[in-house]
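Hello,

Here is the structure I promised to pass on to you.

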Amino acid sequence: MYKRFLLSILTVLFASEVWASDVAPRVNSSTPQCADFLQKLGKKPAALIFLGCKPAMDAQIHTLLASYKTKGSEAAQIERYLILHTRMQPLHRVCCIWENRNSPAHGKGSGQLVSQTEFNYRISMGTTENLISQRKDWAKIDWFYVSVELALESP
C-alpha cells in the first residue's frame, strides 16, 4: 500500500510539473532579464528617467516592460530622438492624451530597436490625460512616458 501511495504522489507531482512547464514562460540562462533596456543598448537620452521594469503580457505573449518618463519641456527632443532611432511615429492628440497614432491609415505607431536576441524592442510614447492640445504647449504637461517592451516569445 505504501508503494501505491508513493507512486500516486509521484504521478501527481510529475503531471503538475508538466502542466506548469506548459503555461509558464520559458526561462533559461539566455532569456533576457528586466533592465533599463535603453541604457543597456547605449541608446538612452539623458532626459529620460528610468522608472523600472516588470514582466507583463501583450495579448497572450510574455514580455518585459521597461518604463521611463521625461518632463514636458524635454518631450519634443525625446520624440525626435525616438523618431530618428526607432522609426516611431510622431505623437498626435487623441481625445485627451498625446500618443503614437496606431491605425491602419497612419501605419504602426510604435518604434522598434533591434536587439542581439531573436526579438526586438517595441517603443512607444504618450501622456496621461491633459488639457494641452497644441505641441507648442507641451512644456505645460508635467510628464511624458516612454515604454520599451521586449517580447519573450514569438507570436
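Some housekeeping before the rest. Please keep in mind that this is a predicted model, where local features need pLDDT of at least 70 and side-chain atom pairs count only at pLDDT 80 or more, while totals for chains, interfaces and linings use all residues. Residues are numbered from 1 along each chain as its sequence is written, and side-chain values use heavy atoms, with hydrogens and water left out.

The overall layout

The protein has three helices and seven strands, taken as DSSP runs (helices H or I, at least four residues; strands E, at least two) and numbered from the N terminus. Reading from the N terminus, the order of elements is α-α-β-β-α-β-β-β-β-β. Of its 155 residues, 32% count as buried.

Salt bridges

I counted a salt bridge wherever a side-chain nitrogen of Lys or Arg lies within 4 Å of a carboxyl oxygen of Asp or Glu. The total is five salt bridges.

Lys 140 takes part in one of them, with Asp 137 as its partner and 3.7 Å between the closest N and O atoms.

Another pair is Glu 79 and Arg 135, whose closest N and O atoms are 2.8 Å apart. This one links distant parts of the chain: Glu 79 belongs to helix α3 (residues 75-86), and Arg 135 to the loop between β6 (121-126) and β7 (143-151), 56 residues away. Glu 79 is buried, with a relative accessible area of 4%, while Arg 135 is partly exposed at 37%.

Asp 36 and Lys 44 also pair up, with an N to O distance of 2.8 Å. Asp 36 is buried at 15%, and Lys 44 is partly exposed at 26%.

Finally, Asp 58, Arg 122 and Glu 149 are joined in a network of salt bridges.

The largest pocket

A pocket here is an open set of points on a 1 Å grid over the protein atoms alone, where a 1.4 Å probe fits, with protein on both sides within 12 Å along at least five of seven lines; lining residues have an atom within 4 Å of a point. The volume of the largest pocket is about 230 Å³, meaning the space filled by probe spheres set on the points, with grid points joined across faces, edges and corners.

β2 (61-71), β6 and β7 each supply at least two residues of the lining, and β7 gives the most, with three.

The surface

Ile 49, Leu 51 and Tyr 145 make a nonpolar surface patch of about 240 Å². Such a patch joins nonpolar side chains (Val, Leu, Ile, Met, Phe, Trp, Tyr) within 5 Å, from residues with over 30% relative accessible area and no salt bridge. Ile 49 sits in strand β1 (residues 49-58) and is partly exposed at 36%.

Best wishes

Key
Buried < 20%, exposed > 50% of the residue type's maximum accessible area, 1.4 Å probe, protein only. Patch = residues over 30% accessible without salt bridge, like charges linked within 9 Å, V, L, I, M, F, W, Y side chains within 5 Å. Areas by Shrake-Rupley, 256 points an atom, 1.4 Å probe, with all protein chains shown as cover.
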